[in-house]
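Biologist: I'm new to reading protein models. Could you walk me through a few features, one at a time?

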Amino acid sequence: MNADSRCLRCGPVPPLHVPEHIGAEIVASVVERITATSDAPVTPLWCPWPLPPGWTLTGVAYAGDDRTGVRATAVACAGPAPLGGGPADLVFVAEEPGVGLGTRLAGLAGPDPGPELVDALTDPGSGHPDHVGQAKIKVGGHPTPLWLVSSPTDRSAYAGEARGMWLHAIAWPASAGHLLAEDVVLHDLTEWTPPELVYGAPSPYLPGRA
């Protein structure tokens, strides 16, 4: 038996698990699943903390199985768009090379953002309308740059590296990427889950609307 799922573009990929609901108990169960494999590096579950004003946690997900362990995680948040004009959604993905969850949500081809990052670093160009060219956030207490990568016009997509894994940030609509120009700090929920987290309606993007 092969537990891998199959992507039409990328081939075999780890199965994605997305709880239908979100709440403290769901986050606790996902954290327990992520940390269950003691002989492998723990994949971070990056969440903005503190959450931006008016924002809520709207979903968590992980990719992997009992054989390989958790190889990718995703956290979704939603709140008011930073430039006004309605609601916005933001998803953070941490993953090992070759998984492809972040690139799928970003609307990119292939399992890794490497080619897109090369383009961004060598020829950033004019960028995407409403995008922030480079995002500088703090990840686990360390300043971490994220670079704008090409994406469909309905979203902003950024990629970088943290703790030896790919880090993706994808925002809907595209203008919501301006949130990453503010003082965003990502905290690993596998280390500690703040009891003050506020939960919202489940994200439509984690199950596949992206």
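This is a predicted model: local features need pLDDT of at least 70, side-chain atom pairs count only at pLDDT 80 or more; totals for chains, interfaces and linings use all residues.

Biologist: Okay, is Asp188 buried or exposed?

Modeller: Asp188 is buried, because its relative accessibility is 2%, and buried means under 20%.

Biologist: Which residues does Asp188 touch, leaving out those up to four places away in sequence?

Modeller: Asp188 touches Pro44, Leu45, Trp46 and Arg163. Look at Leu45 in particular: its backbone nitrogen is 2.9 Å from a polar atom of the Asp188 side chain.

Biologist: Arg163 is on that list of contacts. Where does Arg163 lie?

Modeller: Arg163 is in the loop between strand E10 (156–162) and E11. With a relative accessible area of 46%, Arg163 is partly exposed.

Biologist: What about the backbone there?

Modeller: Here's the general idea: most residues other than glycine have a negative phi, and most peptide bonds are trans. Now the case here: Arg163 has a positive phi, near 55°, and is not a glycine.

Biologist: And which peptide bonds are cis?

Modeller: One of them runs from Trp49 to Pro50, with omega near 0°. Pro50 is in the loop between strand E4 (46–48) and strand E5 (56–65). Another runs from Trp172 to Pro173, with omega near -10°. You'll find Pro173 in the loop between strand E11 (165–172) and E12.

Biologist: Next up, cysteines. How many disulfides are there?

Modeller: A disulfide is a covalent bond between the sulfur atoms of two cysteines. Searching the whole structure turns up zero. Take Cys47: the nearest cysteine sulfur belongs to Cys77 and is 4.8 Å away.

Biologist: Are Cys47 and Cys77 buried or exposed?

Modeller: Cys47 is buried, with a relative accessible area of 0%. Cys77 is buried too, at 2%.

Biologist: Last one: how do I look for empty space inside?

Modeller: Rolling a probe the size of a water molecule over the atoms shows where empty space is left. In this model the count is one cavity of 30 Å³ or more, and the largest cavity has a volume of about 30 Å³.

Biologist: What lines the largest cavity?

Modeller: Its lining is Leu16, Val18, Ala61, Ala74, Leu101, Arg104, Leu105 and Leu206. By class, that's seven nonpolar residues, no polar ones and one charged. Helix H2 (residues 101–106) gives the most to this lining, with three residues.

Note on methods: Residues are numbered from 1 along each chain as its sequence is written. Side-chain values use heavy atoms; hydrogens and water are left out. A disulfide is a pair of cysteine sulfur atoms within 2.5 Å. Buried means under 20% relative accessible area, exposed over 50%, partly exposed in between (1.4 Å probe, protein chains only). On a 1 Å grid over the protein atoms alone, a cavity is a set of points where a 1.4 Å probe fits but cannot get out, and a pocket is an open set with protein on both sides within 12 Å along at least five of seven lines; lining residues have an atom within 4 Å of a point. Grid points are joined across faces, edges and corners, and a volume is the space filled by probe spheres set on the points. Helices (H or I, at least four residues) and strands (E, at least two) are DSSP runs, numbered from the N terminus. Ala, Val, Leu, Ile, Met, Phe, Trp, Tyr, Cys and Pro count as nonpolar, Asp, Glu, Lys and Arg as charged, and the others, Gly among them, as polar. A polar contact is a pair of N or O atoms within 3.5 Å; within protein, one must be able to donate a hydrogen and the other to accept it, and residues adjacent in sequence count only if both atoms are side-chain atoms. Contact means heavy atoms within 4.5 Å.
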